[in-house]
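Here are my notes on this model, written as numbered points for you to read next to the coordinates.

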Amino acid sequence: MEVLLSLKAFMQQHNRVNQGQYSKWNQSNNPCEWPRISCNDEQRVSAIDLSDSEISGEVFRNFSALTALSYLDLSMNTLHGVIPEDLSQCQSLKYLNLSHNILDGELKLQGLNQLEVLDLAINRFYGDMNISFPGICKNLVVANVSSNNFTGRIDQHFDECLNLQYFDLSSNRFSGDLWVRFTRLREFSVSENNLSGAILPSIFNGSCSLVNLDLSENEFSGEIAKGISNCRNLVTLNLGGNKFTGPIPSEIGSISSLKYLFLENNTFSRVIPESLLNLSSLVSLDFGRNNFGGDVQEIFGRFTQVKFLVLHSNSYTGGIHSSGILKLPNVSRLDLSYNKFTGSLPVEIAQKSSLKYLFLAYNHFSGTIPPEYGNLSHLQALDLSSNSLSGPIPPTIGNLKSLMFLMLANNLLTGPIPKELGDCTSLLWLNLSNNNLTGIIPAELKNIGTNVGPTFESNNQDKDRIVAGSGVCLEIQRWIPADYPSFSFLYKILTRKSCQNMQDQLFKGNGLFPICVAGSTIRTLQISGYIQLSGNQLSGHVPPEIGEMQTISMLDLAFNKFYGELPAEIGQMTLVVLNLTKNSFSGQIPMEIGNMKCMQNLDLSYNYFSGEFPPSLNSLTELSKFNISYNPLISGVIPSSGQLATFDKQSYLGDPLLILPKFIVNSKDNGDTLPKFIDNSTDDEDEVIRNGFYNSMGVGFVVGFWGVCGSLILIRSWRHSYFCFLNLLHDWLYLRVAWIRQKLKDILRRS
């Protein structure tokens, strides 16, 4: 009891709030009845489970005093520092789980020779593993050291691990040759390391017990050994992301148990063996990023058993129809993105009632979006972004009650946003940015995402396991923008596993990061989405019904023609990002924006907001990016303390009526050529006006000259970009003139 009470005091010392069930431990009860504690038949503590208990600080340094302890789970906390030497003295320990923490240092567990299960995944351990291996190998059955920073070789330390069945070394920095005795395991993964060399045929000469083999994302080269077909029990074979060449062994077609085959991102021959059609259990087939070119191979249209077909990044130019892939009867996930397909979108695909995920992004498709796509009743993700699609968004898209992702960005779409999109009650992620859409935001859009529960429930009950394919990180990066503050840092550390986990979380209804309840600092992991409409020609007032969108955490209306007052109801949203730059909003900034306590990015620049600057914005204590610049009619005082005082003058440029703290006014310009802040002297004001006059003349000459001549000689894509530039420059000049006019009026009034 004393040791456990000491453990409780240690954890409470490092965790003053949000304490777990260990806070209920007390002297009045039998420790064997305490939550998270188990005892053996002799009433001695044998198991401690403190997983996901919000524990921080270092690892307790007296577990060895519990001499009967055989089970210890400290996973899913925020423990840091090195593993204490004391833990190596827990000689009865059979199960040790320290995964999902931020522990570091070298792995020193020499004394734990009774271990059967070891899980250190997702930490920061580093160095060679030879300090602990093969010393702790004797009884080890499961070992997971994935997602750390381990280095060194793996071909010399594990031969004595005779009982090992499940071994995960993925997402580290191991180098050198492959450990050759992995075929005696059931599951083996070394994905996302720096291993190299050939996969020797002799590795597969003996018996093979493998069920799951993952060698992806390394630097293995040469041809795939034909003997791999000796692994008769294989369910998953992942050889993607290497430097394999030559033909795909036809012998793979004899592995009748194979369900998931990943051969993407290599340099295989275009010829796909007919024998692979014999894989009657095959669920997922991934040949992405092999640079096949030409037409889609006809054989892919004969994999009638396949549910997930991934052929992205192959430089295909045709063959969508002739290959027969549009007629695959069971396909639910079709990824043809990042190719060179041209012509109209295939209408035939609309007949596939089984289709849930359709990815045709980053091609050269043109023409209109077929209204027939509204017949895909089970569709959950439709990504047609970055093509040359034109015409209106078909109202029939509103028929898709299960649709959660609609990605139509970076096309040439025109017309209004159809009000029928509001019927997509599962829709959480809507990206229509960088098109030529016109009209207003329909009030019916308030209904998106209001009934996504049935779709999440269906996905949680779905028995088809989606194994991470080569396109999963590309999808995550297309779907979740880098300016989502809670996500941006992850772009640098994405792995296939983490991407798959994020996608699973999203499609099953689990939020990726906490958001605030409306008007409160209370956090929730409720799923949240976004609306991205930037870079269009949308106009009109923002409807007050926007405040009813409680499932949206990012709203981007930038670079449009919206006007009028921003409705106060916007403060009812749970936004993390709000971007309204480059519009024509006017009137006062709603003080209700200060109710969005989780707001991190707020951009109101280049509008016509006026009146008193709302002090409530200073209560947005999590704000990391803020821009109110070039709203020349807004007035008031920026407080000298609080969140708004942490931003430099770039956030307030072009707001002459705003009074800033002196330490902001006097801060350096960092060489910026934008207008500088001025004081109230008449001479300085006259100088600014003169400079504005000469600058305007100079800019006017350049713009006038190139506006006539440049458009006649530049290529089409340059012309498009150039006129976008002219449009933005027009907005800047308009604001500049308005500001100078106001200063002239002030000077005349004083004189």
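1. Let me begin with the rings. One aromatic cluster is formed by F133, F158, F167, W179, F182, F188 and F204. Rings of Phe, Tyr and Trp (its six-membered ring) count as a pair if their centres lie within 6.5 Å; planes under 30 degrees apart are called stacked, over 60 edge-to-face, and the rest tilted.

2. A word on the basis. This is a predicted model, in which local features need pLDDT of at least 70 and side-chain atom pairs count only at pLDDT 80 or more, while totals for chains, interfaces and linings use all residues. Residues are numbered from 1 along each chain as its sequence is written, and side-chain values use heavy atoms, with hydrogens and water left out.

3. The overall make-up comes next. The protein has 8 helices and 48 strands; these are DSSP runs numbered from the N terminus, helices being H or I of at least four residues and strands E of at least two. Of the 751 residues, 53% are buried, where buried means under 20% relative accessible area, exposed over 50% and partly exposed in between (1.4 Å probe, protein chains only).

4. Surface and contacts can be taken together. Among contacts with a separation of 6 or more, 52% are between residues 24 or more positions apart, a contact being heavy atoms within 4.5 Å.

5. Back to the aromatic pairs. How many does a search of the whole structure find? The search finds 31 aromatic pairs. Y71 and Y95 make a stacked one, with 4.2 Å centre to centre and 5 degrees between the planes. This pair links distant parts of the chain, since Y71 belongs to strand β4 (residues 71-73) and Y95 to strand β6 (residues 95-97), 24 residues apart. Y71 is partly exposed, at a relative accessible area of 28%.

6. A tilted pair is formed by F292 and Y316, at 6.4 Å centre to centre and 35 degrees between the planes. F292 is in the loop between β22 and β23, and Y316 is in strand β25 (residues 316-318), so the pair ties together parts that are 24 residues apart in sequence. Are these two residues buried or exposed? Both F292 and Y316 are buried.

7. Some rings have a charge over them, which requires NZ of Lys or CZ of Arg within 6 Å of the ring centre and within 35 degrees of the ring normal. The charged end of R333 sits over the ring of Y357, 4.9 Å from its centre. K582 lies over the face of Y606, at 3.8 Å from the ring centre.

8. The structure holds 8 salt bridges, each defined as a side-chain nitrogen of Lys or Arg within 4 Å of a carboxyl oxygen of Asp or Glu. In one of them, R36 and D49 have their closest N and O atoms 3.9 Å apart. That pair links distant parts of the chain: R36 is in the loop between α1 (2-14) and β1 (37-39), and D49 is in strand β2 (residues 45-49), 13 residues apart. R36 is partly exposed at 29% relative accessibility, and D49 is partly exposed at 25%.

9. Another salt bridge joins E274 and R302, at 2.5 Å from N to O. Here too distant parts of the chain are linked, with E274 in the loop between β21 (267-268) and β22 (284-286) and R302 in the loop between β23 (294-295) and β24 (308-310), 28 residues apart. E274 is partly exposed at 47%, as is R302 at 32%. Salt bridges that share partners also join R153, D155 and D177 into one network.

10. Finally, the sheet. Eleven strands form an open sheet with parallel pairing, in the order β27-β29-β31-β33-β35-β39-β41-β43-β45-β47-β48. β27 (342-343) and β48 (658-659) stand at the edges with a single partner strand each, so one side of each is left without a neighbour in the sheet. Two strands pair if DSSP finds at least two bridges between them. Strand β41 (residues 561-565) is joined to β43 by 3 bridges and runs parallel to it, with G564 opposite F585. β43 (residues 584-587) also pairs with β45 (residues 608-612) in the parallel sense over 2 bridges, and S586 stands opposite Y608.
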